[in-house]
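Work through the exercises below with the sequence and the 3D view open. Try each task before reading its solution.

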Amino acid sequence: MLPSRLLPTTQCVMSPSDEPLDLLCRKFNVAKVTLPPGSPIPPTIDMRVIKDAHVPSHVLAVFDTQESERGPSFQPIIVPIRADLYTKDFRKNIIPQSPPGTPYPVPHWIANLGGQYVTLPVVPTLVPHASSIPLLFLFALGLEPRSQLLYCRLLPSEVIEEFPAFPAMAQSLARICADDQLNGHIRFNQGLWKNILALGPRDMEFIQVVQTAWNATVEARRIRQEAAVTRTSNI
């Protein structure tokens, strides 16, 4: 059995610097890049290198809307990735194989910008749920061991304390969440689960955590709906 990549926790403590995309960029030693809304996806992107260490091999321009549905606000998420890590840890190949002899991207100095940059090929990537992709890569690639950063994105802290007791998690979630909060957890967890099914990460411990959270949110929704029906019938 492979050793666990996740450190155990029942805490839910995060800071603004714990945003998954920011963390992912720092793990790959580059600064985050954002495309202007409505701009076309370029063939390459220059990312500023923040540390002289391993850098990405590619950038994924991640989106979850079909081309026919995109409007002037269309803005894919720019996600750095290393092809070797992705190929090792995921079953679905989404990164085109480079021609033989293609050199690995090397940082270079851009004088007028006053820093080191690396020019990366961009891969347009349609996924079921774009906003959860950075979190998926952080944990499925084994880049982030702090499990509280995963749990806190999936469930409220009071529910995490019950993990992995599924019935207690669902009851707690149904009891403490307002409707909009519960719906937000359902949308995010369902989207992340759909990404898992589409891309096929190999880390079973990570998959089990997400599946438990998704099942708990579905059950919490059922409990909430049954309670609403009961209240209506008693009026």
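## Ground rules

The model is predicted, so local features need pLDDT of at least 70 and side-chain atom pairs count only at pLDDT 80 or more, while totals for chains, interfaces and linings use all residues. Residues are numbered from 1 along each chain as its sequence is written, and side-chain values use heavy atoms, with hydrogens and water left out.

## Exercise 1: strand S2 and its neighbours

Task: Find which strands pair with S2, and in which sense.

Solution. 

Step 1. Helices (H or I, at least four residues) and strands (E, at least two) are DSSP runs, numbered from the N terminus. Two strands pair if DSSP finds at least two bridges between them.

Step 2. Strand S2 covers residues 58-63 and is joined to S3 by 5 bridges, the two running antiparallel. Within this pairing, His58 has Ile81 as its bridge partner, and Leu60 stands opposite Val79.

Step 3. S2 also pairs with strand S5 (residues 115-126), in the parallel sense and over 5 bridges. Here Ala61 stands opposite Pro124.

## Exercise 2: cover on the strands

Task: How many residues of S2 are buried, and how many of S3?

Solution. 

Step 1. Buried means under 20% relative accessible area, exposed over 50%, and partly exposed in between (1.4 Å probe, protein chains only).

Step 2. In S2, 6 of its 6 residues are buried. On one side these are His58, Leu60 and Val62, and on the other Val59, Ala61 and Phe63, so both faces are covered.

Step 3. In S3 (residues 77-81), 4 of its 5 residues are buried.

## Exercise 3: aromatic pairs

Task: Classify the ring pair Phe63 and Phe74, then the pair Tyr86 and Phe137.

Solution. 

Step 1. Rings of Phe, Tyr and Trp (its six-membered ring) pair if their centres lie within 6.5 Å; planes under 30 degrees apart count as stacked, over 60 as edge-to-face and the rest as tilted.

Step 2. The structure holds 5 aromatic pairs. In one of them, the ring centres of Phe63 and Phe74 are 5.6 Å apart and the planes stand at 75 degrees, so the pair is edge-to-face. Phe63 belongs to strand S2 and Phe74 to the loop between S2 and S3, so parts 11 residues apart in sequence are tied together. Phe63 is buried at 8% relative accessibility, and Phe74 is buried at 12%.

Step 3. Tyr86 and Phe137 are also edge-to-face, at 6.0 Å centre to centre with 75 degrees between the planes. Tyr86 lies in helix H2 (residues 83-89) and Phe137 in helix H3 (residues 133-140), so this pair ties together parts 51 residues apart in sequence. Tyr86 and Phe137 are both buried, and together with Phe90 they form one aromatic cluster.

## Exercise 4: a charge over rings

Task: Over the faces of which rings does Arg70 lie?

Solution. 

Step 1. A charge sits over a ring if NZ of Lys or CZ of Arg is within 6 Å of the ring centre and within 35 degrees of the ring normal.

Step 2. Arg70 lies over the face of Phe63, at 4.3 Å from the ring centre. Arg70 also lies over the face of Phe74, at 4.5 Å from the ring centre.
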